[in-house]
Amino acid sequence: MAIETVTPSTALITSDIVLFGLIAATLGLIFWLASGPTPFWKKFFAWVPALLLCYFVPAFYNTVGLIDGEQNSLYNPIASRVLLPAALVLLTLSIDLKGILRLGPKLLFVFVAGTVGIVLGAIVSFQIMEWVHPPAVAGDTWKGMAALAGSWIGGGANMVAMREVYEVDATLFGQFAVVDVAMASLLMATLLFLANRSAQIDARSGADTAAIDEMKSRIAAHEAANARIPTLNDLMIIVAVAFGFVGLAHAIANPLSAWFGRFEWASRFSLDSSFVWVVLISTLAGLVLSFTKARRLEDAGASRIGTVFLYFLIACIGMQMDFMRLFDRLELIAIGAIWMLVHVLVIWGAARLVKAPMFYIGVGSMGNVGAAASAPVVAAAFHPTLAPVGVLLGTVGYATGTLIAYLVGQILRVMAGQ
């Protein structure tokens with residue numbers, strides 16, 4: 001019997017505890033600088049998203065030999081098996097389905113059209129590149145595209161979840177993270193530019209903006225009545241809910257995946273993987289909680305704590321990257337460009353069909369591509385009181401992105417012949 005040997009690490013830092021402190025300090029420094037303590041850093045982060053640095057700075061540590069991103073326990077099990085499902089619970093429990101339905105059918109129609117555009121964009125871009133430049137979609141490219149679909153339907157948590165479900169290589173994941181940031185930033189810049197001209201655009205298209213005016217007054221009243229400073233009790237309950245359901249998800253996932261493992265067809269859909277069930281159960285738990293009083297935890301910042309978990313996970317993924325290989329496949333940018341173009345054409349066509357205002361296009365698009373992180377920024381560009389609309393649509397993406405991106409991955413897997 002062959003004995004598997006592990007090559008000793010040559011990294012300067014080999015202690016998991018020291019590594020944990022380094023990653024935490026790095027994230028803190030990035031976000032402190034992103035707050036704009038000096039004019040230089042304010043201008044710097046106007047062009048370079050903090051999210052990208054959360055990938056690249058740990059990748060730099062790994063590349064220069066300061067750390068060993070593979071031989072440690074930070075990513076697995078701490079970040080991927082504990083913090084990721086906890087983030088999914090906290091990011092989905094805040095969804096307000098009743099509030100979203102009150103926003104009107106046109107907004108929901110445009111938002112759903114944006115999701116359809118992402119799904120179609122994945123299929124169309126894969127097929128076009130297979131015709132034009134087959135090496136671009138060869139091998140495991142479809143796995144990276146499945147992860148990107150998760151980001152563009154729900155956000156970073158969904159992207160990371162798909163990374164785990166389909167076991168996307170860290171470097172390939174990093175390459176698609178570059179595509180994600182590049183295309184999403186370009187789309188966001190375009191929408192912010194159009195937001196300043198939305199009145200003229202709506203006037204020319206004959207869009208009805210009465211619902212937006214009513215929305216502004218209703219949301220302002222809700223914010224004033226519900227926002228609060230979190231207490232120690234709030235924070236302890238948030239942590240209890242998050243990790244309590246993580247434990248429950250793991251307890252159910254192990255026997256469930258073992259049961260599906262008896263069927264040969266289950267492996268084709270990754271149903272014999274316990275982690276797939278952990279992700280699905282955690283998301284479902286958050287959705288169920290959103291119909292209970294637990295949703296009030298969002299007023300105390302539940303999603304913010306979930307986002308903290310998410311960024312730590314992103315940094316742990318980044319520290320596994322080989323920075324020198326990150327830009328080896330620039331053809332992936334072409335995939336992202338075609339993909340995004342299909343999304344824009346579909347959502348624009350849907351908006352024109354129902355004569356929806358420009359605001360619906362902006363928040364519907366970024367509610368998919370940027371989720372709760374960027375959609376409020378675009379919404380606020382139309383009017384500050386509309387920012388929560390972006391949060392609402394973004395949380396829908398968190399709730400649905402994992403499942404839809406999983407299905408996109410299965411379609412791409414078939415197209416790739418695997």
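Is Arg81 buried, partly exposed or exposed? In this predicted model, local features require a pLDDT of at least 70 and side-chain atom pairs count only at pLDDT 80 or more, whereas totals for chains, interfaces and linings use all residues. Residues are numbered from 1 along each chain as its sequence is written, and side-chain values use heavy atoms, with hydrogens and water left out.

Arg81 is partly exposed, its relative accessible area being 23%; buried denotes under 20% relative accessible area, exposed over 50%, and partly exposed the range in between (1.4 Å probe, protein chains only). The side chain of Arg81 forms a salt bridge with that of Glu164, at 2.5 Å from N to O. This pair links distant parts of the chain, since Arg81 belongs to helix H4 (residues 74-92) and Glu164 to helix H8 (residues 156-165), 83 residues apart. A salt bridge is defined as a side-chain nitrogen of Lys or Arg within 4 Å of a carboxyl oxygen of Asp or Glu, and helices (H or I, at least four residues) are DSSP runs numbered from the N terminus.

Glu164 is buried, with a relative accessible area of 10%. A salt bridge also joins Glu164 to Arg163, with 3.1 Å between the closest N and O atoms; Arg163 is buried at 7% relative accessibility. Lys143 is buried at 16%, while Asp140 is partly exposed at 39%.

Asp202, in helix H10 (residues 198-205), is buried yet has no salt bridge, and Arg204, the nearest side chain of opposite charge, is 9.0 Å away. For this assignment, Lys and Arg count as positive and Asp and Glu as negative, while His and the chain ends are not counted. The side chain of Asp202 does reach the backbone nitrogen of Met358, at 2.7 Å.

Val112, Val116, Leu120 and Val124 make a nonpolar surface patch of about 280 Å². Such patches consist of residues with over 30% relative accessible area and no salt bridge, with like charges joined within 9 Å and nonpolar side chains (Val, Leu, Ile, Met, Phe, Trp, Tyr) within 5 Å; accessible areas come from the Shrake-Rupley method with a 1.4 Å probe, and for residues only the protein chains shown count as cover. Leu120, found in helix H6 (residues 105-132), is partly exposed at 39% relative accessibility.

Note on methods. Helices (H or I, at least four residues) and strands (E, at least two) are DSSP runs, numbered from the N terminus. A polar contact is a pair of N or O atoms within 3.5 Å; within protein, one must be able to donate a hydrogen and the other to accept it, and residues adjacent in sequence count only if both atoms are side-chain atoms.
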